[in-house]
Amino acid sequence: MYSLEVLILAIVSALLVGAVVGLLTSRRMSPDTRRQRDLERSLERLSQQQEEYQHDVEEHFADTAKLLNKLSESYRDVHNHLAAGANKLTDANTQAALQPLPEGNLARLSSEPEPAQVQQPLDYAPKTSPHETGTLNEEFGLEKVPSPEAEVAELGELIPDVPPLEEVSQRS
C-alpha cells in the first residue's frame, strides 16, 4: 500500500505542523502575551479618556469666552443706560462726565496708566550721606550709652569745683 518513505514523510510533516501550531498557540495563550494585550487595551482606553478630557477643556474655555463677551456687553449696556439717564435727568451745569462706552473690547478702556518701572525692594536701607554708618555696620542702630565714670568726668569738666571720681571714692 504505502511505502515506508511516504509514511515517514507524513509523520514528520504532521509533527512539524503540530509543532508550529503548538508554538503559535502557546505564544498566544502565554501570560506575557495576555499581559501585553491587556496593557495595550488599557493604553488605548487611557488615550481615549485623555482625548475626551482635552475636548472638554477646550469646550469649557470656549463657553467661558462666550460668557465673558456677554458679560462685557451687558456691562457696556448698563453703563450706557446710566450715562443716558444721567444726561437726561441732570441739568447741563452739574452734568456728570458719563460718556457712552464704545463697542468692542473693554480691556483697552482702562483709564489707569501703566505703572512706571518699579525697582525691587532692597533688603537694607541705603545711606543718606557718606559719613553715616550703613545698615550692615555692626554698630548700626545701637546707642552709645556713656558710662557713669564718663558722665562724672564730663560734669567735672563743666563744673571746676567738683573733684574727680577717684578722690571722692578715696575719701569715703
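Predicted model: local features only at pLDDT ≥ 70, side-chain atom pairs only at ≥ 80, totals over all residues.
Me: What makes the pairing of R41 and D38 a salt bridge?
Reply: Their closest N and O atoms are 3.3 Å apart. The rule asks for a side-chain nitrogen of Lys or Arg within 4 Å of a carboxyl oxygen of Asp or Glu, so R41 and D38 qualify. By this rule the count comes to one salt bridge. Residues are numbered from 1 along each chain as its sequence is written, and side-chain values use heavy atoms, leaving out hydrogens and water.

Me: Why are R41 and D38 said to be about one helical turn apart?
Reply: Because they sit three residues apart in helix α2. Helices here are DSSP runs of H or I with at least four residues, strands are runs of E with at least two, and both are numbered from the N terminus. The chain has four helices and zero strands.

Me: Is D38 buried, exposed or partly exposed?
Reply: Partly exposed, because its relative accessibility is 44%. Buried means under 20% relative accessible area, exposed over 50%, and partly exposed in between (1.4 Å probe, protein chains only).

Me: And why is L4 called exposed?
Reply: Because it reaches 60% relative accessibility. L4 is found in helix α1, residues 4-29.

Me: Which residues of α2 are buried?
Reply: R76, H79, A83 and A86. Across the chain, buried residues make up 4% of the 172 residues.

Me: Where in the chain is confidence highest, and where lowest?
Reply: Highest in α2, at a mean of 92, and lowest in helix α4 (residues 165-171), at 64. The mean pLDDT of the chain is 78, and 70% of its residues reach 70 or more.

Key. pLDDT = per-residue confidence, 0-100.
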